[in-house]
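Please take a look at the model first.

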Amino acid sequence: MSLLAPYDPSWPARFEQIAEELRTHGDAAWVIEHIGSTAVPGMSAKPIIDVAIRLADARQFDAHRPALERIGWRRGSGVRTHPVMIFCEDGIRTRIAHFFGAGEWDAVNHRILRDWLRAHAEDAARYERAKQDAAAAASRGEAAYNAGKTAVIQQIVDRARAARGLPPVDV
């Protein structure tokens with residue numbers, strides 16, 4: 001079975017449902033954006049909807065976490081730079097929510113990469129090839145999927161951040 005699925009035109013509508021659920025059980029005023037490869041039209045992706053949530057205050061995460069956990073969200077991820085919650089259906093991860101403070105929102109790499117890929121077809125195609133290669137290597141047991149695409153992500157994010165006048169950071 002392949003890690004990646006062809007682009008599914010239902011992903012944006014699925015994102016809207018997830019965003020509404022998060023606002024209903026979290027904070028109605030949250031700014032929530034669709035990020036990750038499922039947010040880039042035409043791109044193959046792991047069929048997991050990633051969202052970025054802008055918190056007005058970092059304490060909002062802890063205040064709303066219990067309500068989100070009651071509907072099935074769980075804290076989890078190897079990410080240590082910001083809070084992340086995951087949602088599984090039938091034991092399969094189908095959603096990931098990344099929480100960011102308002103002060104860091106404009107420099108969030110997930111958002112910057114999404115915007116760049118939507119606007120730069122050549123880099124989107126390059127990233128797609130890196131994802132396909134990483135998925136193939138992972139299926140052969142040669143390398144982890146995420147590690148296989150990191151170098152290309154780093155190059156694209158560096159270029160996208162520079163275009164916004166932001167310094168490079170490790171992805």
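This is a predicted model: local features need pLDDT of at least 70, side-chain atom pairs count only at pLDDT 80 or more; totals for chains, interfaces and linings use all residues.

Residues are numbered from 1 along each chain as its sequence is written, and side-chain values use heavy atoms, with hydrogens and water left out.

## The chain as a whole

The chain holds five helices and five strands; here helices (H or I, at least four residues) and strands (E, at least two) are DSSP runs, numbered from the N terminus. Read from the N terminus, their order is α-β-β-α-β-β-β-α-α-α. With a radius of gyration of 16 Å, close to the 16 Å that the globule rule gives for 171 residues, the chain is as compact as a globular protein of that length. That radius is taken over C-alpha atoms, and the rule is 2.2 Å times the number of residues to the power 0.38. Along the principal axes, the C-alpha atoms fill a box of roughly 40 × 40 × 30 Å.

Of the 171 residues, 44% are buried, where buried means under 20% relative accessible area, exposed over 50%, and partly exposed in between (1.4 Å probe, protein chains only). Contact means heavy atoms within 4.5 Å; among contacts between residues at least 6 apart in sequence, 58% join residues at least 24 apart. As for charge, the chain carries 23 positive and 22 negative side chains, and the centres of the two sets lie 2 Å apart. Lys and Arg count as positive and Asp and Glu as negative, with His and the chain ends not counted; each charge is placed at NZ of Lys, CZ of Arg, CG of Asp or CD of Glu.

Helix α4 covers residues 121-139, and its 19 residues reach 27 Å from first C-alpha to last, close to the 27 Å expected at 1.5 Å a residue. The expected span is 1.5 Å times one less than the number of residues. Among the buried residues of α4 are Asp123, Tyr127, Glu128 and Lys131, along with several alanines, including Ala130 and Ala134. The buried residues of α4 pack against α3 (109-119) and α5 (145-163). Just after α4, Gly141 takes a positive phi of about 75°.

In α3, the buried residues include Ile112, Leu113, Trp116 and Leu117, as well as Arg111 and Arg114. The buried residues of α3 pack against β1 (31-35), β2 (49-55), α4 and α5.

## Single residues to look up

Ala138 sits in helix α4 and counts as partly exposed because its relative accessibility is 24%. Leaving aside neighbours within four places in sequence, Ala138 is in contact with Leu3, Ala143 and Tyr145. Ala119, in helix α3, is exposed at 57% relative accessibility. Its C-alpha atom is separated by 20 Å from that of Pro167, 48 residues away along the chain.

Asp90 lies in the loop between β4 (84-89) and β5 (92-101), is exposed at 81% relative accessibility, and has a positive phi near 55° although it is not a glycine. Arg80 is found in the loop between β3 (73-75) and β4 and is exposed at 70%.
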